[in-house]
Amino acid sequence: MTMTSKTVLITGATSGIGAHTAQLLLDRGHRVVVTGRNESKLKAFLDQAGHADRLLGLVADAADWQATESVVTRTVEHFGALDAAVANAGFMSGDSIGDGDPALWSPMVLTNVLGPALLAHAALPHLEATGGRLVLIGSVAGLKNSPANLYSATKWATTGLAENLRLHATPRGIGVTLVNPGMIDTPFWQGADVPPFALSPQPIAEAICFALGQPAGVDLNTLTIRPIGQPA
Ligand SMILES: NC(=O)c1ccc[n+]([C@@H]2O[C@H](COP(=O)([O-])OP(=O)(O)OC[C@H]3O[C@@H](n4cnc5c(N)ncnc54)[C@H](OP(=O)(O)O)[C@@H]3O)[C@@H](O)[C@H]2O)c1
């Protein structure tokens with residue numbers, strides 16, 4: 001599906017799913033704003049992505065309100081409007097509520113749960129102006145349970161947020177899509193053994209572009225993309 005040229009803001013887009021989505025959108029002629037916390041990771045992405053005239057990179061913590069508000073404002077100042085926002089920034093502390101380290105949990109909960117709410121709050125007025133779209137990156141972990149898994153609970157929150165934001169957004173002419181990836185081979189896994197069936201980020205990037213390219217009036221609500229062979 002082809003779509004007319006759009007301005008798309010993606011949080012956490014310096015590696016993995018966000019970076020692949022940004023690259024796909026750039027290669028297809030869109031304007032893209034990417035964020036991340038780590039400045040050198042951001043610079044590395046900007047250096048290799050090309051299309052510098054249609055790409056803006058900003059260091060910003062998705063868990064921070066002022067940083068999020070500033071990213072949205074700077075996007076609109078730089079490119080003139082906002083057609084879509086993708087709440088992608090997220091990570092897994094990797095340990096269990098049973099025997100893990102509670103000090104690691106706050107940044108994960110703030111990024112994964114508060115982050116999409118902050119982005120929605122900042123972006124919705126601009127998306128209303130363009131008849132735009134909000135995309136939340138959830139997870140299969142937000143549809144299924146596993147033992148004492150706080151990361152999974154943050155993604156259950158994303159599942160809920162997508163539906164309650166849809167109820168708020170649809171009368172305002174904004175579409176809301178929840179994209180739930182299964183196991184994807186990215187730095188998310190921090191060098192852990194990723195099973196051979198894990199997908200590359202490319203099909204998730206394609207699914208996000210598919211959601212963004214829906215015709216006016218179509219609200220595509222949920223896409224779940226697992227690798228074949230994923231047992232849960
Ligand atoms: N990989 C999987 O199997 C999988 C499965 C289901 C869902 N997901 C979800 O997909 C999303 C993307 O993950 P990924 O697999 O692409 O992982 P990734 O390669 O580790 O990418 C995460 C990106 O988010 C950024 N980030 C993390 N915390 C941030 C924060 N507080 N503020 C701004 N940027 C932040 C990271 O850069 P900095 O560290 O520099 O900030 C990086 O650019 C996440 O929401 C994840 O939960 C992943």
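My entries follow in the order I looked things up.

**Ground rules.** I am working from a predicted model, where local features need pLDDT of at least 70, side-chain atom pairs count only at pLDDT 80 or more, and totals for chains, interfaces and linings use all residues. Residues are numbered from 1 along each chain as its sequence is written, and side-chain values use heavy atoms, with hydrogens and water left out.

**Core.** I started with the largest nonpolar core, which has 31 residues. Such a core is a set of buried Ala, Val, Leu, Ile, Met, Phe, Trp, Tyr and Cys residues joined through side-chain atoms within 4.5 Å. Buried means under 20% relative accessible area, exposed over 50%, and partly exposed in between (1.4 Å probe, protein chains only). I10, V32, V34, V179 and I208 touch the most other members. I then listed the elements that give two or more residues to this core; among them are β1 (7-10), β2 (31-36), α2 (39-49) and α6 (202-212). Helices (H or I, at least four residues) and strands (E, at least two) are DSSP runs, numbered from the N terminus. α6 gives the most, with 7 residues.

I checked I208 next. Leaving out residues up to four places away in sequence, I208 touches I17, T21, V86, I137 and V179. Contact here means heavy atoms within 4.5 Å. Another core lies apart, with 27 residues, including L9, V71, L134 and L165.

**Ligand.** One is 2.9 Å from a polar backbone atom of N38. For an N or O atom in the side chain of W189, the distance is 3.0 Å. For a polar backbone atom of G16, I read 3.5 Å. Taken alone the ligand exposes 880 Å², and the protein buries 95% of that. Those areas come from the Shrake-Rupley method with a 1.4 Å probe.

**D95.** I placed D95 in the loop between β4 and α4 (105-130). Why do I log D95 as partly exposed? Because its relative accessible area is 22%. D95 and Y151 are 56 residues apart in sequence, yet 8.7 Å apart in space, C-alpha to C-alpha.

Note on methods
Polar contact = N/O pair within 3.5 Å; in protein donor to acceptor, adjacent residues only side chain to side chain.
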